[in-house]
Amino acid sequence: MEWSIILSSSAIGTVIGAIIAWISSFLTNRAADRRQSKQMLHDLMTARGEEIYQQLFQDQTHLMLLNGNYINMLELAINGKLTEIKSALDFADSLQKNDVPQLLKEGARLSLLQTLYFPIIENDCKKYIQLRNSIMNDMSGNLNTIIPLLMTKETESLKPLLDQAKQLNTDLAECSNKTLKNIVEEVRLSQNRPQSMPPQSKNQ
């Protein structure tokens with residue numbers, strides 16, 4: 001009888017010990033899984049952050065270079081130094097055939113990355129897209145105005161277009177720089193953000 005009690009107590013102790021060991025192992029593995037998931041999330045955000053950063057920087061560089069050429073053409077026209085209408089025609093042709101399709105692809109990729117991975121910069125991205133669309137529309141639409149004026153030499157009326165193009169360039173640069181900084185900050189914060197708390201748009 002005494003041996004039976006001793007064996008029963010020993011068995012219970014073994015079972016309790018096994019349960020405690022299992023719980024300890026479970027908690028340890030769960031903590032490790034959380035750390036791994038958190039690191040994977042951070043790695044994903046870092047990779048996507050680098051991608052959207054490069055996409056935005058590339059798009060901004062392309063657009064500002066193009067708008068710079070447009071501004072230069074307007075300045076030459078206003079100062080009477082753009083004597084060949086062919087220069088304006090060549091610019092318009094290249095814009096429509098090469099630059100506009102490329103800029104549309106860049107804008108679509110930028111919007112997709114922002115929507116999927118960076119909802120928190122939605123407002124910044126929307127403002128940037130609006131500015132870039134204004135620049136593209138101004139260049140495309142105003143060329144139809146510029147070319148006839150070059151033929152009549154009445155280029156003084158181009159000054160408002162020049163001022164507008166310069167202002168848009170400034171606004172685009174400021175918006176782009178702000179958005180790039182926010183992307184970097186969001187990637188940094190993602191390392192410490194719980195998985196249950198995804199970043200939300202500033203609209204919300």
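Reader: Of the contacts in the chain with a separation of 6 or more, what share comes from residues 24 or more positions apart?
Author: A contact here means heavy atoms within 4.5 Å. Residues 24 or more positions apart account for 87% of the contacts in the chain with a separation of 6 or more. Before we go on, note that this is a predicted model, where local features need pLDDT of at least 70 and side-chain atom pairs count only at pLDDT 80 or more, while totals for chains, interfaces and linings use all residues. Residues are numbered from 1 along each chain as its sequence is written, and side-chain values use heavy atoms, with hydrogens and water left out.

Reader: How many helices and strands does the chain have?
Author: Helices (H or I, at least four residues) and strands (E, at least two) are DSSP runs, numbered from the N terminus. In this chain there are four helices and zero strands, giving the pattern α-α-α-α along the sequence.

Reader: How do I read burial, and what percentage of the 204 residues count as buried?
Author: Buried means under 20% relative accessible area, exposed means over 50%, and partly exposed lies in between (1.4 Å probe, protein chains only). Of the 204 residues, 34% count as buried.

Reader: Now the salt bridges, please. How many does a search of the whole structure find?
Author: The general idea first: side chains of opposite charge can pair when their charged atoms come close. A salt bridge is a side-chain nitrogen of Lys or Arg within 4 Å of a carboxyl oxygen of Asp or Glu. The search finds eight of them.

Reader: Which residue forms a salt bridge with R109?
Author: Its partner is E51, and the closest N and O atoms are 2.1 Å apart. This pair links distant parts of the chain, since R109 sits in helix α2 (residues 85–117) and E51 in helix α1 (residues 2–78), 58 residues apart. R109 is partly exposed at 33% relative accessible area, and E51 is partly exposed at 24%.

Reader: And which residue pairs with K166?
Author: K166 forms a salt bridge with E75, with 3.2 Å between the closest N and O atoms. K166 belongs to helix α4 (residues 159–190) and E75 to helix α1, so the pair ties together parts that are 91 residues apart in sequence. K166 counts as partly exposed at 37%, as does E75 at 28%.

Reader: Where do R188 and E185 lie?
Author: Both are in helix α4, three residues apart, about one turn of the helix. R188 is partly exposed, with 47% relative accessible area, and E185 is partly exposed, with 35%. Elsewhere, salt bridges that share partners join R48, E51 and R109 into one network.

Reader: How many aromatic pairs does the structure hold?
Author: A pair of aromatic rings is described by the distance of the centres and the angle of the planes. Rings of Phe, Tyr and Trp (its six-membered ring) pair if their centres lie within 6.5 Å; planes under 30 degrees apart count as stacked, over 60 as edge-to-face and the rest as tilted. The structure holds one aromatic pair. Y70 and F91 form this stacked pair, at 6.5 Å centre to centre and 20° between the planes. Y70 lies in helix α1 and F91 in helix α2, so the pair ties together parts 21 residues apart in sequence.

Reader: Are Y70 and F91 buried or exposed?
Author: Y70 is buried, at 1% relative accessible area, and F91 counts as buried at 14%.
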